[in-house]
Amino acid sequence: MTWPIVGQHQFLRPFRDETSSPGSATVMTDWDKIDGYGLFIRTDPFRNGLHYPAVLAELGDPNRMRILDVGCNEGLFPRLLAAQGASVVGYDAAPERIVEAKQQEQTRRLGIQYHVATPRTFASAQTFDAAVSVMVLNYAPSIEDLAAFFSSTERYLVPDGRFVSVVLNPAFSAFGEDFVVRRINKLEGRAVRMEFFDDDMSAPKLAAIQHHYTREEFERAAVHGGMRPQTWKDLFATAAAVAELGEDFWRPCHRAQPYALFIARKQS
Ligand SMILES: C[S@@+](CC[C@H](N)C(=O)[O-])C[C@H]1O[C@@H](n2cnc3c(N)ncnc32)[C@H](O)[C@@H]1O
């Protein structure tokens with residue numbers, strides 16, 4: 001299956017973050033410009049066979065759970081959670097993606113609320129049993145911005161509530177390796193470029209600049225945000241995803257572990 005190619009110049013805008021520490025990227029990914037993301041990610045094996053199932057396994061039955069999705073984009077994960085009975089609020093910094101999410105909500109009416117926000121601007125009268133983020137935290141351009149994700153989320157969690165995040169694995173080192181639908185290349189400092197492919201590997205359909213934070217940096221950011229780092233987990237595809245795509249597809253990913261699950265808990 002092929003998707004419309006989004007040229008790099010269309011979604012990477014020059015950005016100099018004066019507050020960023022040395023080693024952060026000077027180019028940020030503009031998610032407002034990545035119109036094809038929703039279409040791409042809906043059939044992406046990594047989201048559907050690896051990331052979302054890992055978060056769901058960690059959460060347990062989401063039925064009746066109040067869940068905050070940090071960096072929800074056009075709402076694929078919120079829809080999956082709400083379809084299983086959760087009450088979901090999602091926010092994202094990209095206004096165009098939230099427009100799309102709201103259009104989807106008009107069609108399916110799952111009761112999901114969406115907001116255009118960042119951790120520094122998000123405000124809600126609600127509290128949540130759990131918060132989730134799937135490949136969002138690594139877009140923080142600095143340690144301070146990383147900590148802001150935790151301090152904001154902590155404010156809206158119930159005591160003992162968990163923040164479950166899929167992140168770029170701090171221990172990952174297989175840069176440049178072919179993971180069929182992804183390739184991750186190291187840039188300057190802690191910046192990395194993640195390319196998204198469909199299964200023909202001919203040319204990346206999307207690309208995004210992220211930052212490769214260490215385990216200690218994530219844990220320090222959580223503590224700075226008032227949360228307790230709880231655990232790290234490797235990610236393995238579901239049996240259904242292995243049956244569908246085969247062992248050979250998943251082997252490099254299982255071996256190199258490009259992603260990890262990081263769980264932080266609000267103090268009780
Ligand atoms: C790789 S996409 C992941 C989207 C979604 N979580 C998923 O499951 O596919 C990263 C998302 O994080 C959002 N994002 C990045 N930095 C953000 C910030 N500081 N505040 C809110 N959203 C942010 C982007 O706009 C983008 O939609």
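The following questions and answers concern a predicted model.

Me: On what basis are residues numbered and features reported here?
Reply: Residues are numbered from 1 along each chain as its sequence is written. In this predicted model, local features need pLDDT of at least 70 and side-chain atom pairs count only at pLDDT 80 or more, while totals for chains, interfaces and linings use all residues.

Me: Which residues come nearest to the ligand?
Reply: A residue is near a molecule if its C-beta atom, placed from the backbone, lies within 6 Å of it. There are 18 residues around the ligand. Those that come nearest are W31, G71, N73, A93 and V134.

Me: Which residues touch the most other members of the largest nonpolar core?
Reply: A nonpolar core is a set of buried Ala, Val, Leu, Ile, Met, Phe, Trp, Tyr and Cys residues joined through C-beta atoms within 7 Å; buried means that 20 or more other C-beta atoms lie within 10 Å of the residue's own, all placed from the backbone. The largest such core has 68 residues. The members touching the most others are I67 and A131.

Me: Which helix gives the most to this core?
Reply: Helices are DSSP runs (H or I, at least four residues), numbered from the N terminus. The helix in question spans residues 143–156 and gives six residues to the core. It is α6.

Me: What is the strand order of the open sheet of three strands?
Reply: Strands are DSSP runs of E, at least two residues long, and two strands pair if DSSP finds at least two bridges between them. The pairing is antiparallel, and the edge strands are β8 (182–186) and β10 (206–211). The order is β8-β9-β10.

Conventions:
A residue is buried if 20 or more other C-beta atoms lie within 10 Å of its own, exposed if 12 or fewer, and partly exposed in between; C-beta atoms are placed from the backbone.
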